[in-house]
Amino acid sequence: PEKLPNNVIVINVKIIRDPSDATTFNDTRLRIALTEKQVYVVSPSCCTNGETNFHSVSRKMIPDGYGSLFTIPAPGDSIEMSFQYVPTADFLQQVNLNELRVVAFIQEHCTQETFQSTMTDIISVDRSAD
C-alpha cells in the first residue's frame, strides 16, 4: 500500500492459493481496513475508564464494510486486485496518515469465517522523483 503526495491511498492485493488447498468457498469477500496504529485522546468522551491510548483503531473499510466479491483462484493460481481511497477532508483532519496501515482479510460473508489475513504499513511515495 502506498500514500501518494496528493494523499490518495493505493492498495494492491495479490491473493495466492496454495496448490494443495481443497477448501470449498461460498460467499467469500476480500475486506480491507485502514487502521491507525495509535490514537491518543486527551479527554475521551467515549470512555469513562480513563483510557486515553488506543491501538489499531479502524478508520475506514475499503470500499466499505461489505467488502469486495472476487473469484477464488484455482489451487496454485493467483489474482491481483487494486483499490484507491481518496480521503475526505474530515478523514484527513481526524487521522494521522503517517500512522496508517492496511489490514486485508478473506472472509466468508455469512459465517464470518476468516481464511487468511495480513497487515502492513502504508508507505509514503514521492512520485515527483520518477
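Ala, Val, Leu, Ile, Met, Phe, Trp, Tyr, Cys and Pro count here as nonpolar, Asp, Glu, Lys and Arg as charged, and the others, Gly among them, as polar. By those classes, the lining of the largest pocket has 14 nonpolar, six polar and four charged residues. This is a predicted model, where local features need pLDDT of at least 70 and side-chain atom pairs count only at pLDDT 80 or more, while totals for chains, interfaces and linings use all residues. Residues are numbered from 1 along each chain as its sequence is written, and side-chain values use heavy atoms, with hydrogens and water left out.

**The largest pocket**
- The largest pocket holds about 460 Å³ of space.
- Among its 24 lining residues, K14, I15, I16, I106 and Q116 are the closest to the centre.
- Two or more lining residues come from each of β2 (9-16), β7 (100-108) and β8 (114-121).
- With six residues, β2 gives the largest share of that lining.

**Aromatic pairs**
- The count comes to two aromatic pairs (ring centres within 6.5 Å; planes under 30 degrees apart are stacked, over 60 edge-to-face, the rest tilted).
- F25 and F115 form an edge-to-face pair, because their ring centres lie 4.9 Å apart with the planes at 70 degrees.
- This pair links distant parts of the chain, 90 residues apart: F25 sits in the loop between β2 and β3 (28-40), and F115 in strand β8.
- F25 is partly exposed at 22% relative accessibility (buried is under 20% relative accessible area, exposed over 50%, partly exposed in between, with a 1.4 Å probe and protein chains only).
- F115 is also partly exposed, at 28%.
- Y85 and F91 are edge-to-face too, with centres 5.2 Å apart and planes at 80 degrees.
- Both Y85 and F91 are buried.

Notes: 1 Å grid on protein atoms, 1.4 Å probe; cavity = no way out; pocket = protein on both sides within 12 Å on 5 of 7 lines; lining within 4 Å. Points joined across faces, edges and corners; volume = space filled by probe spheres on them. Helix = DSSP H or I, 4+ residues; strand = E, 2+ residues; numbered from the N terminus. Phe/Tyr/Trp six-rings, centres within 6.5 Å; stacked < 30°, edge-to-face > 60°.
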